[in-house]
Amino acid sequence: FQAQNRAVTKEDYIVRTYALPDKFGNIAKAYIVQDDVLSENEEQETQPNPLALNLYILGLDTNRHLQNVNDAVKENLKVYLSRFRPVTDAVNIKNGYIINVGVSYQIITKSNFSHDQVIGLVNERVKDFFNIDNWQINQPIVLSDLGYEISLVDGVASVVDIKISNKFETSEGYSGNG
């Protein structure tokens with residue numbers, strides 16, 4: 001009962017982050033983890049910091065592409081979350097990492113279908129699979145799920161191979177996160 005209107009769990013912080021009123025900014029993606037601190041032993045290992053959380057956030061631009069949010073939105077979020085967090089918690093608001101992925105695949109098409117048409121349909125299915133609205137920060141890409149989606153395309157006899165690559169070259173318009 002005493003925890004009402006308080007952010008107690010990590011999920012509570014995520015819900016509160018998405019509930020930030022629009023006039024203060026818009027958060028499209030959020031992910032929270034326990035902060036780490038260096039231990040005092042010689043091996044420089046990290047250990048969880050029980051009093052701090054790292055909140056990673058991203059926004060969307062007008063083309064619905066992920067982008068880092070500006071400092072004003074981060075400050076607004078910090079003030080907004082302070083109303084809900086316990087005194088003992090600290091929340092570090094950080095930029096999320098944008099990872100651009102490329103997909104290459106090999107399929108075998110059914111004999112009575114145009115290979116080029118099937119490839120076009122598969123490309124659309126892959127694009128739909130990676131729709132930004134379907135993904136969260138730190139969500140794994142499950143290749144078998146992608147393979148299943150490709151196999152559902154009319155004209156695909158089998159999916160031979162799928163490879164995911166990291167597209168990071170800023171000169172090619174990618175995020176630079178390798």
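This is a predicted model: local features need pLDDT of at least 70, side-chain atom pairs count only at pLDDT 80 or more; totals for chains, interfaces and linings use all residues.
1. Overall architecture. The protein chain contains 4 helices and 6 strands. Along the sequence, these elements are arranged in the pattern α-β-β-β-α-β-β-α-α-β. Of the contacts between residues at least 6 apart in sequence, 60% join residues at least 24 apart.

2. Burial and surface. The protein chain has 178 residues, and buried residues account for 28% of them. Its accessible surface is about 11800 Å². Carbon and sulfur atoms contribute 48% of that surface.

3. Helix α1. This helix spans residues 10-18, and its buried residues are Tyr13, Ile14 and Thr17. Viewed down the axis of α1, the buried residues fall within an arc of 100 degrees, so they line one face of the helix. On the face of α1 turned away from the buried side are the exposed residues Glu11 and Val15.

4. Isoleucine 98. Which loop holds isoleucine 98? This residue lies between β4 (90-95) and β5 (100-109). Isoleucine 98 counts as buried because its relative accessibility is 15%, below the 20% cut-off. Leaving aside residues up to four places away in sequence, isoleucine 98 touches Leu58, Leu66, Gln67, Asn68, Ser175 and Asn177. The C-alpha atom of isoleucine 98 is separated by 9.5 Å from that of glycine 178, although the two residues are 80 apart along the chain.

5. Isoleucine 99 belongs to a nonpolar surface patch with Tyr97, Val101, Leu143 and Ile164. Together these residues have about 440 Å² of accessible area.

6. Salt bridge between arginine 64 and aspartate 133. The model has 3 salt bridges. In one of them, the side chains of arginine 64 and aspartate 133 meet at 2.3 Å, N to O. Arginine 64 lies in the loop between β2 (46-60) and β3 (66-67), and aspartate 133 lies in the loop between α3 (115-129) and α4 (143-151), so the pair ties together parts 69 residues apart in sequence. Arginine 64 counts as partly exposed at 40% relative accessibility. Aspartate 133 is also partly exposed, with a relative accessible area of 49%.

7. Salt bridge between glutamate 149 and arginine 125. The closest N and O atoms of this pair are 3.3 Å apart. Glutamate 149 is in helix α4 and arginine 125 in helix α3, and the pair links distant parts of the chain, 24 residues apart. Both partners are partly exposed: glutamate 149 has a relative accessible area of 25%, and arginine 125 has one of 27%.

8. Salt bridge between lysine 163 and aspartate 161. Here the closest N and O atoms are 3.0 Å apart. Aspartate 161 counts as partly exposed, at 27% relative accessibility. In general terms, side chains of opposite charge can pair when their charged atoms come close.

Technical notes:
Residues are numbered from 1 along each chain as its sequence is written. Side-chain values use heavy atoms; hydrogens and water are left out. Helices (H or I, at least four residues) and strands (E, at least two) are DSSP runs, numbered from the N terminus. Buried means under 20% relative accessible area, exposed over 50%, partly exposed in between (1.4 Å probe, protein chains only). Contact means heavy atoms within 4.5 Å. Accessible areas come from the Shrake-Rupley method with a 1.4 Å probe; for residues, only the protein chains shown count as cover. Patches are made of residues with over 30% relative accessible area and no salt bridge: like charges are joined within 9 Å, nonpolar side chains (Val, Leu, Ile, Met, Phe, Trp, Tyr) within 5 Å. A salt bridge is a side-chain nitrogen of Lys or Arg within 4 Å of a carboxyl oxygen of Asp or Glu. The arc is that of the directions from the helix axis to the C-beta atoms.
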